[in-house]
Amino acid sequence: MVLTSVGKMVGLQRKASGIRNICILAHVDHGKTTLADCLISSNGIISSRLAGKLRYLDSREDEQIRGITMKSSAISLHFVKGDQEYLINLIDSPGHVDFSSEVSTAVRLCDGCIIVVDAVEGVCPQTQAVLRQAWLENIRPVLVINKIDRLIVELKLTPQEAYLHLKNILEQINAVTGTLFTSKVLEERAEKETESESVSDASPGDQIYDWSTGLEDTDDSHLYFSPEHGNVVFASAIDGWGFGIEHFAKLYSQKIGIKPAVLLKTLWGDYYLNTKAKKIMKGDQSKGKKPLFVQLVLDNIWSLYEAVMKRDKEKIDKIVTSLGLRIGARESRHADPKVQLNAICSQWLPISDAVLAMVCNKIPSPLDITAERVEKLMCVGARTFDSLPPETRELKSAFMKCSSEETAPVIVFVSKMFPVDAKALPQNKPRPLTQEEIAHRRELAKRRHAEKLAASQGKELSEKPPSENSPEVLGNAGDTKGEEQQLTGQDSITSKAVKQEADNKEYFIAFARVFSGVVKRGQKIFVLGPKYDPAESLHKLSSQCSATDDLPAVPHMTCCTLENLYLLMGRELEDLEEVPAGNVLGIGGLQDFVLKSATLSTSPACPPFTPLNFEATPIVRVAVEPKHPSDMPQLVRGMKLLNQADPCVQVLIQETGEHVLVTAGEVHLQRCLDDLKERFAKVQISVSAPIIPFRETITRPPKVDMVNEEIGKQQKVAVIHQTKEDQNKIPEGIQVDSDGLVTINTPNKQATLSVRAIPLPEEVTRLLEENSDLIRTMEQLNTSLNEDKKTHEINQKTLDRIKEFKQKLEKNLQGRKWRNAVDQIWSFGPRKCGPNILLHNFGGYKRSVWQCLGNSMKEVGKYRDFDNSIVSGFQLATLSGPMCEEPLMGVCFAVEKWEISKAGDTLSNSRRDSGELDATEHQQNEDNTPASSCTDEGPSATEHQDRNQSAADSLEKMSKHKGESLLADCYGPFSGQLIATMKEACRYALQAKPQRLMAAMYTCEIMATAEVLGRVYAVLSKREGRVLQEEMKEGTDVFIIKAVLPVAESFGFADEIRKRTSGLASPQLVFSHWEIISSDPFWVPTTEEEYLHFGEKADSENQARKYMNAVRKRKGLYVEEKIVEHAEKQRTLSRNK
C-alpha cells in the first residue's frame, strides 16, 4: 500500500465518524508491538518483510535490547473499507507490570482497545489487569488471539485439540469480563436501593443471583467476546495472517450454498456439516463429528503449515494456485520455511485487513462517546455530576456532540508529557531545497569560484600552464560542488551553534486528545490543574471569559499558548495547523505549564478530568547523588525533567537532604536511572542500595515462647543479659503499669498524660488504608467547620460514604475494650489520614472526627486550647516509631487521663483572653507596674480585668517561688511541651507492648514448566518467599505459581529466577500488602529450652533484627552490635612465610 500523505490525514481528521482511537493492551510478550508492526506495514510506513522484526514503535534503544515496550507511543493509520475511509489512531502500550502507568495514559485517550492474548499462555495476570483498566475507563474491547502458529509448530496440537484450547481461552477471558460486569451491576443496584428506600418484592437471594437486572439501558452482549459477534480475530502476527470468521463465512457460502448469516452463527460452536444433506447440524461431540470451525477453517491452516514445513513443493503449488496467490521466486526458494509461510499467509489472510475491519465495525467513533463515560470523566473525587455548577453541566452536550464548530468550547485532556530530542522536531529537520534555491546557490558558488580562480591564476601559471580539456572542466564542476558545500557549511555555522544549544535542551510534547472544539496553533487556552474547582472560579470569572482576557488570579488555573501541534507518527512528528475534535495529537510548548497530566479548555466552567487510575504503586526507592558534587544543579534539573517525563515516578527530597527516586519496580528503576544519566542530567551519578520501606506495629503478647513451650510454665534461667526490659530502660518520672499504661508529666509538671497502646484488628487497619482518601476529605470538612467557613454544600454521596465507613469501623471494633471507641476517635495518623487511631478515653471532652456528620459541637473548657497539641504529638509519634524511625501501622493510642493543674488552667485562660494580655504581662514583669490597659468594653470588662490580674499575680508568685522567670520561658511554650510529652508517652506506650516490624510484600506470579519447578521453589525459599498456590494450566505443561515475597528480598529476584531456570520462568511482581514479621527483633533466650535450642547468643539470624539494624545504620541511628568478639581467635596470619 502507498504511503499516505499528511494532507490526506488532515482531511480525514475532520470527519469524526471515520476516526477510531484504539490502543493495544496485553500481558508482556504476547505480541502487541509485532501486531502494531503488521498494521503499520499495511500503510507502507515499513516493509511487510520487516513487520515483527523491526518493532517500529519501540523507538528507545533499551526497548530494542530488552525486547519489551516501555512507553506508550501513537501512530495514525489510513484504512479503506469498501467506499468508506477511516483514520485509525493506534497507541501501542507496554505489557510489563512496571510500566502499567503508561497503559493508563493510553487508555484514557481511546474509545476502544485491542486485547491481545497468547494462544499458548492464555489469560495472564496482566491480561486481567488491562481488561480491568479498560473497564474502568468505559472503553470497548475487541480480542485478538495471537500466536496460533505456536499451537501447530510448538505444541503440535491437532486441529480438534486446538479448537478446544481456543474455546477454553475465550471462556477464561469472558469469565474475567463477567466478574467485572457483575460487580458493577451489584454496586449500581445497591446504590439505587439506598436512594429509593422502597425495596422490591424479590428476596435478597434472588437479587444476588439475578444480576443482569438493574441495568435497563446496558446490553451486556457487546461485553463478551464471541467470534460470531465479529469481535474476535484469530491471528499469528509474526507470520502475518489473521482472520475473523466472517471471512470464511463469505467464502464458504458460495462453495457450499448456505447463507452467510447462517454460517456466521454456526462456524463457531458445536455444529457440524452433514455433507449428504448439505445441512448444518447441532451436537458434533456427541456424534463424534468434526466441528465446522475445525473442518472448514483450522484443517486448511494446519495442512498449509504441514506442507510448508515438510517442503512438499507439489502441495504448496496446488494450494497457491487454488487460492489464486502470486508468490515471488525469492520467497519460494528461501531456505527458511517461515519466509514462505509469511508470503503465502499474508496474501491469503492479511492480518491488517482482519484487525482493522474489526476495529472499524466494533469500536465506536468519538461521536458515540457514552453519557456515563462523560459524567465519570467530569466528576472528580466524590462529587456527583448533579452537584456541578449548571455552566459545567452544559459542557456535557459539547462532549457528546464532539463537534468541530468554531463556537464549540475547546476541551483537551493531556494524559502525559513525553520527551523528544530536538532533532526529531519537524522545524529542526533539514528541509529539502526548492529548484529556485538550488539554482540560486549554484550561481553564488560559481561566482565565488570564479573570483577564487582569478586570485590564484598567477600562482597556477608559474607552476603549470592550464590545458583546456575535459578533465579541467570536470574538476571545475567538482570544485563548484565543493564550493557549494562550503557555502552551505558557512551558512549553517550559526544555525549549528543554535542547534547544539537546542540539542542540550529536552523538548516535552503533551500526549493529548481533543474531546470538543478545534485546537489551533497559537491559540490561548486555560490549563486546569487537578485541584481546580469550577464552582469557586465562576464566582470570580464570567463563564464567557476567554484566555486572552486580562483575568484575576484563580488557584490551579493558568493561561498558556499552544505553540505547536503535531501529528504523532511513531518515531516521526508532523506539523499541523489545527486539530478537530476526536483526534489524538501532540502539543508543544506546555512543558512549563503541565507537570504530568492536565485538562485544557477555553471555558473556565470546564472541570478537571478524573485522575488516571494507576495499577502499580511506586514502592522501590533509591537515593541518588552526583559523583562530582559540582554536578548537583544538573542532577536536580534532570530529576525535575524525569519527574515530568514519567507518569509513575516520584521524586522526593527527604528531611536528611537525600534526593530520592520512587519507582514501580526494578526494570522501571533501571530505565529511570539510564534516562537520568544519559538524557536528562547527563552527569555521572552514584545510586544507593534500594531504600526498603518498613512499618512498625505492636501485637498481642504471645502465649508460647520460641520453642513452642507455654510461657510461664518453664524453668527460668538466670540470664547474663536479662530480657527486653534492660534494653528499654524507662527514665525517671515515667510510670508504666503492668498492663502497659504509661503516665508522664510535662517538663513544668503542669499537665499529666496517661496513654495506652492497643493493637488494631487487621480488618480495621485494612479499612483505614483503603479509605485514606475519604479520611482526608473528612479532615478537610472538619477543618472548614472549625474555622466556620461556608464551604460548598457537603455532597450527600460523601456523607453516605462517611456513614458507611463509620458503620464498618463499629462492626469491626467490637468487644468490651472497644466499647464506644468509634465515637471517641480523636484523630487518624500519620498525616491525619494514616492507619493509626487516637482515642480520648477521659471525661469532659467531646470533640471527634465525625463532626462533618452533623453532630459537631464546639469544645469548651480547659482542654480547648491544647487539644491540637495532643493531636500533633500523636502525629509525630506515628510518623516515626521507636524501633527504626519508620511510620507506625495498625496501632491505637488511647489517652486515658489528661489533667491540667491550676497553673496550666490559668495559662489556658490567659491564652484565651484578648491578645493584648501578653504585652501587659511582660510589662508587669519588667517594670513591676500594675497593668491598667484593658480593651474590653461593656459589663464583663471588669471581670476580665480581675481574672487577668489574678492570673498574672499567680504566675508571678510561682515564678518567684521557683526562682525562675515565666514558666513558658524556661521550658518553652506550654503547647510545645504538650506535643513533646504526648510523643514520648506514645513511644513508651508502644515499647511497653511486644513490638514487631511490618514488611512490604509483593505478590509474585510465576509461569514455569514442570522441569524447572524445583529451582523456582529453591529461589523463593532462599528469599523468604511463601507459596500460596500452584495450579497447572489446562492443556499445557505450564504451572502458575502464586507466592508472596518481601520487597526487601526482591532485588535481583527476576534475574536469578531466569538464570536458574534458563529463561523458562519469568516472574511478575506487584505490590500487594504489609505483613507482620513474626520474629521479635529484641528477642534473647531466657529459658533452658531456648538456651539448648538457640545457644547463649541466639546466633541463628533474626530476620527482624537484621532488617531493623540495616534501617538504623542507613539513618545513622545507634546500632547495638559487637564488631569483634574474641579478637585473639581471629588472628589467622601465619608467621613464617
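Colleague: In which helix is the place of phenylalanine 874?

Modeller: The model is predicted: local features need pLDDT of at least 70, side-chain atom pairs count only at pLDDT 80 or more, and totals for chains, interfaces and linings use all residues. Residues are numbered from 1 along each chain as its sequence is written, and side-chain values use heavy atoms, with hydrogens and water left out. Helices (H or I, at least four residues) and strands (E, at least two) are DSSP runs, numbered from the N terminus. Phenylalanine 874 falls within residues 867-879, the run named helix α28.

Colleague: Is phenylalanine 874 buried or exposed?

Modeller: A residue is called buried under 20% relative accessible area, exposed over 50%, and partly exposed in between (1.4 Å probe, protein chains only). Because the relative accessible area of phenylalanine 874 is 0%, this residue is buried.

Colleague: Phenylalanine 874 and methionine 982 are 108 residues apart in sequence; how far apart are they in space?

Modeller: Contact means heavy atoms within 4.5 Å. Leaving aside neighbours within four places in sequence, phenylalanine 874 has contacts that include Phe828, Leu838, Phe893, Met982 and Cys986. From C-alpha to C-alpha, phenylalanine 874 and methionine 982 are apart by 6.4 Å.

Colleague: Among contacts between residues at least 6 apart in sequence, what percentage join residues at least 24 apart?

Modeller: The protein has 37 helices and 34 strands. Among its contacts between residues at least 6 apart in sequence, the share that joins residues at least 24 apart is 75%.

Colleague: What percentage of the protein's accessible surface belongs to carbon and sulfur atoms?

Modeller: Of the 1137 residues in the protein, 49% are buried. Accessible areas come from the Shrake-Rupley method with a 1.4 Å probe, and for residues only the protein chains shown count as cover. The accessible surface comes to about 56400 Å², and the part belonging to carbon and sulfur atoms is 51%.

Colleague: How many residues of helix α4 are buried?

Modeller: Helix α4 spans residues 100-108 and is mostly covered. Its buried residues include Ser100, Glu102, Val103 and Arg108.

Colleague: What is the relative accessibility of glutamine 133?

Modeller: Glutamine 133 lies in helix α5, residues 125-136. Not counting residues up to four places away in sequence, glutamine 133 touches Ser100, Val103, Ser104, Val107, Asn613 and Glu615. Glutamine 133 counts as buried because its relative accessibility is 3%.

Colleague: What is the relative accessibility of lysine 396?

Modeller: Lysine 396 lies in helix α18, residues 390-401. Not counting residues up to four places away in sequence, lysine 396 touches Ala371, Val374, Glu375, Met378 and Phe385. Lysine 396 counts as buried because its relative accessibility is 17%.

Colleague: Is lysine 156 buried or exposed?

Modeller: Lysine 156 is in the loop between α6 (149-153) and α7 (159-195). Its phi is near 50 degrees, a positive value in a residue other than glycine. Because its relative accessible area is 61%, lysine 156 is exposed.

Colleague: Is the peptide bond from glycine 829 to proline 830 cis or trans?

Modeller: Most residues other than glycine have a negative phi, and most peptide bonds are trans. Proline 830 is in the loop between β28 (825-829) and β29 (836-840). With omega near -5 degrees, the peptide bond from glycine 829 to proline 830 is cis.

Colleague: How many charged residues are in the lining of the second largest cavity?

Modeller: On a 1 Å grid over the protein atoms alone, a cavity is a set of points where a 1.4 Å probe fits but cannot get out, and lining residues have an atom within 4 Å of a point. Grid points are joined across faces, edges and corners, and a volume is the space filled by probe spheres set on the points; about 60 Å³ of space lies in the second largest cavity. Ala, Val, Leu, Ile, Met, Phe, Trp, Tyr, Cys and Pro count as nonpolar, Asp, Glu, Lys and Arg as charged, and the others, Gly among them, as polar. The lining has three nonpolar and four polar residues, and the number of charged residues is three.

Technical notes: On a 1 Å grid over the protein atoms alone, a cavity is a set of points where a 1.4 Å probe fits but cannot get out, and a pocket is an open set with protein on both sides within 12 Å along at least five of seven lines; lining residues have an atom within 4 Å of a point.
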